[in-house]
Amino acid sequence: MNAARTIRRVGFRKWYERELLQSHAHLVLVLLCTVGLLGSAEAYSLRLAVSSQLLVVACAIASALIGFWALRRYLYLLNHAEFVADQAVCRACDTYARWEILNPNDAGQPAPDRLRVRCKRCGHVWFIEL
Ligand SMILES: [Zn+2]
């Protein structure tokens with residue numbers, strides 16, 4: 001529903017660009033968490049005081065958890081953007097992302113997770129699932 005609102009407000013191309021930027025920002029976070037995890041492994045030593053060992057282990061756990069969350073978010077955002085982009089091609093004339101969103105009232109009550117669009121080139125009408 002958030003995607004539909006954003007596409008209506010800024011257009012499909014901007015939304016797609018933002019999704020890709022956001023997903024790759026999460027990929028950068030995954031890489032930073034990997035560095036944090038490796039740094040924790042490097043800093044850990046049995047010769048450290050117990051409190052320092054616990055601190056290093058806590059840093060490693062935090063890096064792993066944040067990295068796992070960021071990896072899931074990266075994959076979700078990327079796959080969702082590609083899923084929607086695959087539907088942005090007009091099946092009648094193969095034009096990519098040149099369509100206008102039709103008024104929801106034209107086709108009755110649409111689901112909030114789909115857009116009814118019309119190709120600007122040939123006038124073909126179809127639905128895009130979000
Ligand atoms: Zn078309």
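**Zinc site, aromatic cluster and nonpolar core**

In this predicted model, the zinc ion is coordinated by the SG atoms of Cys90, Cys93, Cys119 and Cys122, at 2.2 to 2.3 Å. Donors are N, O and S atoms within 2.8 Å of the metal (3.2 Å for Na, K and Ca), and sites may look incomplete since water is not among the atoms. The angles among the 4 donor atoms are 104 to 113 degrees, and the site is tetrahedral; for four donors this term requires all angles to lie between 85 and 135 degrees. The ideal angle for four tetrahedral donors is 109.5 degrees. Along the sequence, the spacing of the donor residues is C-x2-C-x25-C-x2-C. Cys93 belongs to the loop between helix H3 (50–86) and strand E1 (99–101), and Cys119 to strand E2 (residues 114–119), so this pair ties together parts that are 26 residues apart in sequence. Helices (H or I, at least four residues) and strands (E, at least two) are DSSP runs, numbered from the N terminus. Cys119 is buried, at a relative accessible area of 3%. Buried means under 20% relative accessible area, exposed over 50%, and partly exposed in between (1.4 Å probe, protein chains only).

Residues are numbered from 1 along each chain as its sequence is written. Local features need pLDDT of at least 70 and side-chain atom pairs count only at pLDDT 80 or more, whereas totals for chains, interfaces and linings use all residues; side-chain values use heavy atoms, with hydrogens and water left out.

Rings of Phe, Tyr and Trp (its six-membered ring) pair if their centres lie within 6.5 Å; planes under 30 degrees apart count as stacked, over 60 as edge-to-face and the rest as tilted. The count by this rule is 4 aromatic pairs. In one of them, Phe12 and Tyr16, the ring centres are 5.8 Å apart and the planes lie at 20 degrees, so the pair is stacked. These two residues are 4 residues apart in helix H2 (residues 12–43), a separation of about one helical turn, and both are buried. Phe12 also pairs with Tyr96: the centres are 6.2 Å apart and the planes at 80 degrees, so this pair is edge-to-face. It links distant parts of the chain, with Phe12 in helix H2 and Tyr96 in the loop between H3 and E1, 84 residues apart. The relative accessible area of Phe12 is 6%, while Tyr96, at 33%, counts as partly exposed. Ring pairs join Phe12, Trp15, Tyr16, Tyr96 and Trp99 into a cluster.

The largest nonpolar core has 19 residues, and those with the most contacts inside it are Phe12, Trp99, Ile128 and Leu130. A nonpolar core is a set of buried Ala, Val, Leu, Ile, Met, Phe, Trp, Tyr and Cys residues joined through side-chain atoms within 4.5 Å. At least two residues of this core come from each of helix H1 (2–10), H2, H3, E2 and strand E3 (125–129). Domain 1 (1–86) and domain 2 (90–130) both contribute residues, so the core lies between them; the domain bounds come from an automatic or database domain assignment.

Two residues of helix H3 were also examined. Ala62 lies in this helix and is partly exposed, at 36% relative accessible area. Its C-alpha atom is separated by 22 Å from that of Arg47, 15 residues apart along the chain. Cys59, likewise in helix H3, is partly exposed at 39%.

Note on methods: Tetrahedral: all angles 85-135°; square planar, octahedral: opposite > 155°, others 65-115°.
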